Amino acid sequence: MRDSLVHVAGCYHAWLGSFVLSEVSSPLITKEVIETMDIEDIQHYFNQADLYVDRVLEQFTGKIDETIEKELSWKMNSGLVRKTPQQLFIHSITHEFHHKEQIVAMLRLLGYTSDNTDILGLN
């Protein structure tokens with residue numbers, strides 16, 4: 001579960017923090033570092049991802065559909081990648097929801113019942 005959580009936050013770090021905002025040159029965390037992370041480290045990693053989301057929404061108001069063209073800082077010989085902030089914002093969110101359900105399923109297999117994970121189910 002730890003690896004999945006880090007993977008989810010890492011998507012925001014890579015696509016929003018690195019590609020869109022150019023604030024992170026190497027967004028990927030090594031397996032060795034991931035193995036030492038505890039829940040507070042993961043929360044910090046997600047908090048930083050939240051800041052990237054906020055900055056993208058602030059800095060790209062009115063230009064969310066403008067194409068950004070550059071190579072990926074974390075993948076050698078990636079060639080030019082052409083994406084808009086909106087495409088990468090939506091990708092990051094749908095990626096998170098996909099993995100959220102996997103993590104909930106893992107918890108259930110381990111015998112834990114999670115609270116409702118969707119806001120629509122709350123009263």
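What follows goes through confidence, aromatic pairs, charges and backbone in turn.

Q: What kind of model is this, and which features count?
A: It is a predicted model: local features need pLDDT of at least 70, side-chain atom pairs count only at pLDDT 80 or more, and totals for chains, interfaces and linings use all residues. Residues are numbered from 1 along each chain as its sequence is written, and side-chain values use heavy atoms, with hydrogens and water left out.

Q: What does the chain average in pLDDT?
A: The average is 90, and 93% of the residues score at least 70. pLDDT is the predictor's confidence in each residue, from 0 to 100.

Q: Which element has the lowest mean?
A: Helix H4, residues 85-109, with a mean pLDDT of 92. E2 has the highest, at 97. Helices (H or I, at least four residues) and strands (E, at least two) are DSSP runs, numbered from the N terminus.

Q: On to rings. How many aromatic pairs are there in the whole structure?
A: A search of the whole structure gives two. Rings of Phe, Tyr and Trp (its six-membered ring) pair if their centres lie within 6.5 Å; planes under 30 degrees apart count as stacked, over 60 as edge-to-face and the rest as tilted.

Q: What is the geometry of Trp15 and Phe19?
A: Their ring centres are 5.7 Å apart and the planes are at 65°, so the pair is edge-to-face. Both residues lie in helix H1, four residues apart, which is about one turn of the helix.

Q: Is Phe19 buried or exposed?
A: Phe19 is buried, with a relative accessible area of 1%. Trp15 also counts as buried, at 18% relative accessibility. Buried means under 20% relative accessible area, exposed over 50%, partly exposed in between (1.4 Å probe, protein chains only).

Q: And what about Trp15 and Trp74?
A: Trp15 and Trp74 form an edge-to-face pair, 5.2 Å centre to centre with 85° between the planes. This pair links distant parts of the chain: Trp15 is in helix H1 and Trp74 in the loop between E1 and E2, 59 residues apart. Trp74 counts as partly exposed, at 21% relative accessibility.

Q: Which charged end sits over the ring of Phe19?
A: That of Lys70, 5.4 Å from the ring centre. Elsewhere, the charged end of Lys63 sits over the ring of Phe60, 5.6 Å from its centre. The rule is that NZ of Lys or CZ of Arg is within 6 Å of the ring centre and within 35 degrees of the ring normal.

Q: Salt bridges next. How many?
A: The count comes to five salt bridges. A salt bridge is a side-chain nitrogen of Lys or Arg within 4 Å of a carboxyl oxygen of Asp or Glu.

Q: Which residues are linked in a network?
A: Arg2, Asp3 and Lys31 are linked by salt bridges. Arg2 and Asp3 meet at 3.1 Å, N to O, and Asp3 and Lys31 at 2.5 Å, N to O. Asp3 lies in helix H1 and Lys31 in helix H2, so this pair ties together parts that are 28 residues apart in sequence.

Q: How accessible is Lys31?
A: Lys31 is partly exposed, with a relative accessible area of 44%. Asp3 is partly exposed too, at 30%, and Arg2 counts as partly exposed at 31%.

Q: What does Glu101 form a salt bridge with?
A: With Lys100, the closest N and O atoms being 3.6 Å apart. Lys100 counts as buried, at 19% relative accessibility, while Glu101 is partly exposed, at 38%.

Q: Now the backbone. What is the phi of Ser22?
A: Ser22 has a positive phi of about 55°, although it is not a glycine. Ser22 is in the loop between helix H1 (2-20) and helix H2 (31-36), and counts as exposed at 51% relative accessibility.

Q: Where is Asn77?
A: Asn77 is in the loop between strand E1 (68-70) and strand E2 (81-83). Its phi is near 55°, a positive value in a residue other than glycine. Asn77 counts as exposed, at 72% relative accessibility.
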